[in-house]
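Dear colleague,

I am handing over the structure below, and I would be glad if you could look through it alongside the notes that follow.

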Amino acid sequence: MSALLFLEHGTQKLFNFPPAAEPMQLSGLFMVQGLIEVIGGILLAIGFFTRPVAFILSGDMAVAYFMAHAPQNFYPVLNQGDAAILFSFIFLYFFFAGGGAWSVDAARRGSGFAAP
């Protein structure tokens, strides 16, 4: 679910879906961030290359927080950076935990649940 919510942020940046009140102007950094969110969200949702993708996304969200949110205010609830912090720590958990038994990674290893 976290990956799908993250993916939604990317589709809003790149395709304005779901529609934003004020669509973003796609400059270089916003376009790169949108691509990271879409590609990373899809890969994490299906559990493909879970650990490296989660590590990249965790760092990406930490950098996003300190670049975009922290300069506005010290408190995350006031600078609207609480989602970035939450995503960063969720992705850090996925880095250590891996994709799980139903992931593409587990299927590639042959260690997922067997079909009855």
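The lining of the second largest pocket is made up of 8 nonpolar, 6 polar and no charged residues, where Ala, Val, Leu, Ile, Met, Phe, Trp, Tyr, Cys and Pro count as nonpolar, Asp, Glu, Lys and Arg as charged, and the others, Gly among them, as polar. A pocket here is an open set of points on a 1 Å grid over the protein atoms alone where a 1.4 Å probe fits, with protein on both sides within 12 Å along at least five of seven lines, and lining residues have an atom within 4 Å of a point. This second largest pocket has a volume of about 190 Å³, a volume being the space filled by probe spheres set on the points, which are joined across faces, edges and corners. Of its 14 lining residues, Leu44, Ala45, Gly47, Phe94 and Gly99 lie nearest its centre, and the elements giving two or more residues to this lining are helix 1 and helix 2.

Please bear in mind that this is a predicted model, in which local features need pLDDT of at least 70 and side-chain atom pairs count only at pLDDT 80 or more, while totals for chains, interfaces and linings use all residues. Residues are numbered from 1 along each chain as its sequence is written, and side-chain values use heavy atoms, with hydrogens and water left out.

The chain has 6 helices and 0 strands, helices being DSSP runs of H or I with at least four residues, strands runs of E with at least two, both numbered from the N terminus. Of its 116 residues, 31% count as buried, that is, under 20% relative accessible area with a 1.4 Å probe and protein chains only.

The largest pocket has a volume of about 710 Å³, and of the 24 residues that line it, Lys13, Phe30, Ala64, Ala68 and His69 are the closest to its centre. Helix 3 gives the most to this lining, with 7 residues, and by class the lining holds 14 nonpolar, 7 polar and 3 charged residues.

Finally, the axes of helix 2 (residues 28-46) and helix 3 (residues 50-69) come within 10 Å and cross at roughly 145°, with axes fitted to C-alpha atoms over the stretch in contact and angles running from 0 to 180 degrees between N-to-C directions. The contact (heavy atoms within 4.5 Å) involves, among others, Leu29, Ile36 and Leu43 of helix 2 and Val53, Leu57 and Met61 of helix 3.

With best wishes

Notes
Buried means under 20% relative accessible area, exposed over 50%, partly exposed in between (1.4 Å probe, protein chains only).
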